[in-house]
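Here is a short briefing to read alongside the model. Keep the sequence and the 3D view open, and follow the residues as they come up.

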Amino acid sequence: MTMDDLEHELWPPVQLEDCTDSSDNTSAKERKKPRLPLADSFFVETKRETGFHRSTRLCLERIREAMLHHRWQEAAEYMAWYPQMIEDTTAGSGHHYKEIIWRMSTEILHHHPNSKMDDYNVIYERIKHSGVKHYLMICLEHSFHLMLHGQMENAKRHLSIAESWRHGKESACQIQMTKLIQAYKSLLDFIIWSDKKNAPSSTNITDPQSSQDLHNYFRQASVNLKEILKYPGVWDTFILSYVEMLEFNEDYQEAEKVLQDYAYDNTFPSNPNAHAYLFRYLQRHNASKRKLMNVLKILHKLVPSHELMLDYSSFLLVSEKKSNTKKALGILLDMLDYACWRTSMDVWGGLKYVIDKLQLQEDWTEVVAEKMSARKGWWPALHFTRFHATEDAEQRHQLMEVKASLAEILCPDIKLTYSAVQTINGDR
């Protein structure tokens, strides 16, 4: 069966609904219409359209209709015929058809309940060898699917083939894709190295073959992972893998330098994760509190709501400087500016501790008022409404008590205080 044979099945003739007055009824003709009108079809009918092109256009619209309604079996059946479009030598945009087949086929397989890895392999191999455009991207995506199915060695093999692939004069995009493929290949080397290192069979380090295999994977991964630092970007997974390898090799100074460069190199995009990774590494290796606080100080400027701000406030409170207590107050209030911390007992408890400590100072009311001056217009609605009070009283009694003790200190102008709601619930 060919695409032309499908035309009658795909597009059965139906009578158009009467959308005009009775005088135009005689001019209405029988036309072909899809079950679902599609305003933005991939292809538009033209006067010079051949039977083959018409069939492929109608088939593609049926595929699209089935996908929109999550009828994956129906979409897969139509998709089995659409790749005949690749064989059309008269098409002026062959690359466009190939990309459609690539994208839609993988999407269908992703949702189809009976799809297998072999089905993905067939699609990827067919599209890879149908032309050179997107070849590297398809190879990389193919490797991702293999990784997800635990086929690490097979994924690495495909990346090695892609790494050595060349076509014509290298473009800037091709060079970038090659670097990305090398990075993922080195990540696979790291994963394989990590698995072999932790496998029970590799515990015998006296085995020369096992030791050599581990060393080979270590060398291959570390060389390329280090190389990626020369190219600005967000490389979180790759950096963490490289640091783990350096720690395993007890090269702690180099590991810290890598994280420092990743966090503070201005050629790299701003990345809060880089500062969090550096902090956790320094904390893991018992760095001084001053060094840790310097990292968190910068992270606070980037993401005031970051979970590590609890650690930052704790470090400040350990200090004997009164100014640090004020800083801790500001940091915790900054966290509570974000709804994600609205019901956090850790943050509210920390805030109560800071205010209790501040109350030992004569100017504590002025300090709190200064911090809350820009917040008094919207904080009550965020934290101290009747709804919040009732919900906290029913679900988070301990949090209710903490917020009740802070409500009038932070927002003295609110009409309904947490204390009042607490009294009402207590009377019940």
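**Briefing on selected helices and residues**

Asp 261 is partly exposed, with a relative accessible area of 34% (buried means under 20%, exposed over 50%, and partly exposed in between, using a 1.4 Å probe and protein chains only). Please bear in mind that this is a predicted model, in which local features need pLDDT of at least 70 and side-chain atom pairs count only at pLDDT 80 or more, while totals for chains, interfaces and linings use all residues. Residues are numbered from 1 along each chain as its sequence is written, and side-chain values use heavy atoms, with hydrogens and water left out.

**Asp 261 and its place**

- Asp 261 sits in helix H11, residues 252-264 (helices are DSSP runs of H or I with at least four residues, numbered from the N terminus).
- Between Asp 261 and Leu 278 there are 9.8 Å in space, C-alpha to C-alpha, and the two are 17 residues apart in sequence.

**Helix pair H12 and H13**

- Helix H12 (residues 272-284) and helix H13 (residues 289-302) have axes that come within 9 Å and cross at roughly 160 degrees (axes are lines fitted to C-alpha atoms over the stretch in contact, and angles run from 0 to 180 degrees between N-to-C directions).
- H12 is therefore roughly antiparallel to H13 (the term applies to angles over 145 degrees).
- The crossing of H12 and H13 is left-handed (the near helix is turned anticlockwise from the far one by less than a right angle).
- On the H12 side, the contact is made by Pro 272, His 275, Leu 278, Phe 279, Leu 282 and Gln 283; on the H13 side, by Lys 291, Leu 292, Val 295, Leu 296, Ile 298, Leu 299 and Leu 302 (contact means heavy atoms within 4.5 Å).
- Sorted by class, the contact of H12 with H13 has ten nonpolar, two polar and one charged residues (Ala, Val, Leu, Ile, Met, Phe, Trp, Tyr, Cys and Pro count as nonpolar, Asp, Glu, Lys and Arg as charged, and the others, Gly among them, as polar).

**Helix pair H14 and H15**

- The axes of H14 (residues 309-318) and H15 (residues 322-336) come within 8 Å, crossing at roughly 165 degrees.
- H14 and H15 are therefore roughly antiparallel to each other, and their crossing is left-handed.
- Residues of H14 that meet H15 include Met 309, Tyr 312 and Leu 316; among their partners in H15 are Ala 328, Ile 331 and Met 335.
- The contact of H14 with H15 has nine nonpolar, three polar and one charged residues by class.

**Two buried residues**

- Ser 241 lies in helix H10, residues 236-248, and counts as buried at 5% relative accessibility.
- A polar atom of the Ser 241 side chain lies 2.8 Å from the backbone oxygen of Thr 237.
- Leaving out residues up to four places away in sequence, Ser 241 touches Leu 187, Phe 190 and Leu 225.
- His 142 belongs to helix H6, residues 135-148, and is buried at 0% relative accessibility.
- With residues up to four places away in sequence not counted, His 142 touches Met 117, Asn 121, Tyr 124, Glu 125, Lys 128 and His 158.

**Positive phi in two loops**

- Most residues other than glycine have a negative phi.
- Glu 250, which is not a glycine, has a positive phi of about 60 degrees; Glu 250 is in the loop between H10 and H11 and counts as exposed at 59% relative accessibility.
- Asn 286 has a positive phi near 55 degrees; Asn 286 is in the loop between H12 and H13 and is exposed at 70% relative accessibility.

Key
Parallel < 35°, antiparallel > 145°, perpendicular 65-115°, else oblique. Polar contact = N/O pair within 3.5 Å; in protein donor to acceptor, adjacent residues only side chain to side chain.
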